[in-house]
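Keep the viewer open while you read.

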Amino acid sequence: ACSMASEEEREVVRVRVQKCDGSLPVEFRSFAVDPQITSLEVLQHILIRAFDLNGRRSFGVSFLSRDRSGAEMYLSLASDWDLDVAFLSAAKPYLQLKMDVKSSEDSPVLEDWDIISTKDVIGSEQQLVERTKTLASAALPFTQSILSQVGRTLSRVQQALSWSYEEEMKPLMPPLSDAEFHSFLNGQGQLTRPEELRLRIYHGGVEPSLRKVVWRYLLNVYPDGLSGQERMDYMKRKTRQYEQLKREWRAHVSVEDLEFIRGNVLKDVLRTDRSHPYYAGSEDSPHLVALTDLLTTFAITHPQISYCQGMSDLASPILAVMDNEAHAFICFCGIMKRLGGNFRPDGQLMSLKFQHLKLLLQHSDPEFYSYLVSRGADDLFFLYRWLLLELKREFAFDDARMLEITWSSLPPDPPETEVELLGPPSEAQGGHDQEGRSREARRRMLRPLREELDRSGAGRRDGPDGGGTAGVLERQASFGTVATARLRPPPLCPPGPAGLESGLPPGLAGRLPRRPSELPQSGPQGVDLAQSGPLLAHRPRLEEIRVAGLRAEPVPTPCWLPPPQEFGRGNPFMLFLCLSILLEHRDHIIKNCLDYNELAMHFDRLVRRHNLARVLQRAKALFADYLQSEIWDSEEGDEAGSDS
């Protein structure tokens, strides 16, 4: 009987909730939950239904705990990690929660228009400027144009690295308005200045009511030169194409395969942004069904990528803004053209992004990087979610400016004819039977499998004990109950001149001196500070530091960073956003001697709580300094563009 009772305690947690709503009477609710499957978002959804909020109000949740002296206090529930602590430490005889309801403005109404009429145009009519054909050739001029407007107004990197938390922040420019957007169009509604539009958005974002239209440009949905009427016809045609794709998979995909795919998708959809009014309510609400259908259709029509955990996070804000399933799917295909490589089973693109972020941190703050080396956290793998989802989870859902400002930092890359809604067939579809294709689809959805990684032999490195391992696998629990095995990227710059170049990405290969005798001798670790650009010139010298009794060996500081069209695989500003967040917490991390696991928990607790304005200002300052410095070779960038 005792064993059955203890088993029940592990499987069920009784919850009692007290709701406080201003001057209204206090209300109470009681229920039981399974701690193994209850995330914070699920709990918030339960509370919305229990108190019949229907997503109209925002609220905070805290749990009753006791300090060492037994005094009661309420601690905030801000992440899944906090909820786990509450389940483990404060759930006997029941978990006591307090729900503080706050007044909030209604969500802005999304305008459902897309045709720009001639009479609404404010700016003068302009001819469409012929654009470069490839992303590589466009990247360098575009980043230089960002420099010309941004570099003059932002602080230098030394100020960015030393900002105090109390310092007043300068506000962003006002968001792009409807009238201002019209000034970028000619009399037929054609976008004539795409680069200037992106620069304007980079400075201040977009008004919420305008996002439905502008995001389609930022996500490269429209081909060049479409008039307002042509855009409407284009979206109608793509919508019919999407509906046809849905009819086809409903008719031809086997019941077993569909249940497997839809089950994996639904598992994530029910945990994605459920605290936001758009996705609140019952599990069969139209918006959740639309998100599930959208992702199921993508998984079936893109078998090389299929569906992976995290894709629901990328699709969620797009659907909320578009408020149309077909239009959201079209935009999702646009963004996945760029981010699809993040989810490929070989992990090469993610490994390269980790290498570049590691290189940037090593270059910008060698002392902090040396600390991370001393704590075994220099692979930065605790930031996996940041790079996979481009920081979507790190800021509040309504801080969509982060998404649009990041997208606007990229050069325009519109499709030559139209955005593709159907991906290439998987390798297994050439001549295999239906059962073989089904096995391949399941293998990809559950990737990366251990045997696949072992076959590839990628990412192998020696473990901390010096023995060789078949790839160091980490399990990321921050994506929910299903942990995904991922390959830890290889070390970037092994200590010592002989190995300095072996771990660098292809964009840097051959750019560092090959022999110790060729290294400049005037700076630490052979780096010539006077010739290395502003990011190096005013930093403290890299010296040996002692942290928590551990001796951190000096790490070679790279002389170069890749050019913009290569850095971060063509998205360099994202790396500077990540760097900015890291630097925000640098002193706290070092002061409290956080190790690898503590770093992961620290940033998990900060999900959706980062200060967007502060992070953006610091990141833009660092990015501007990178663009105007000599730490990347513009001639190499020109050659890369011409070769394309």
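This is a predicted model: local features need pLDDT of at least 70, side-chain atom pairs count only at pLDDT 80 or more; totals for chains, interfaces and linings use all residues.

Asp273 makes a salt bridge with Lys392, and their closest N and O atoms are 2.6 Å apart. (A salt bridge is a side-chain nitrogen of Lys or Arg within 4 Å of a carboxyl oxygen of Asp or Glu.) The two partners come from distant parts of the chain, 119 residues apart: Asp273 is in the loop between helix H10 (255-269) and helix H11 (286-301), while Lys392 is in the loop between helix H16 (384-389) and helix H17 (401-408). Lys392 counts as buried too, because its relative accessible area is 9%.

Now try Asp413, which forms a salt bridge with Lys337, the closest N and O atoms being 3.9 Å apart. This pair also links distant parts of the chain, with Asp413 in the loop between H17 and helix H18 (434-445), and Lys337 in helix H13 (residues 325-339), 76 residues away. Lys337 is exposed because its relative accessible area is 60%, whereas Asp413, at 23%, counts as partly exposed. There's a network to find as well: salt bridges with shared partners join Lys246, Arg250, Arg262, Asp293 and Glu325. Across the whole structure, a search turns up 28 salt bridges.

Next, head for the sheet. The chain has 25 helices and eleven strands, where helices (H or I, at least four residues) and strands (E, at least two) are DSSP runs numbered from the N terminus. Five strands make an open sheet in the order S2-S1-S5-S3-S4, with mixed pairing; two strands pair if DSSP finds at least two bridges between them. At the edges sit strand S2 (27-33) and strand S4 (72-76), each pairing on one side only. Strand S3 (residues 58-66) pairs with S4 in the antiparallel sense over five bridges, and Phe63 stands opposite Leu75 in S4. You'll also find a salt bridge between Arg66 and Glu72, with the closest N and O atoms 2.9 Å apart.

What lies on this sheet? Helix H2 (residues 40-50) goes across strand S1 (13-20), S2, S3 and strand S5 (95-102), at about 135 degrees to S2. Angles run from 0 to 180 degrees between N-to-C directions, using axes fitted to C-alpha atoms, for helices over the stretch in contact; contact means heavy atoms within 4.5 Å. Helix H3 (residues 80-89) packs on the sheet as well, touching S1, S2, S3, S4 and S5, and its direction makes about 40 degrees with that of S3.

Val85 has its place in helix H3 and counts as partly exposed because its relative accessibility is 31%. As for the chain overall, 53% of its 644 residues count as buried.

Definitions and conventions. Residues are numbered from 1 along each chain as its sequence is written. Side-chain values use heavy atoms; hydrogens and water are left out. Buried means under 20% relative accessible area, exposed over 50%, partly exposed in between (1.4 Å probe, protein chains only).
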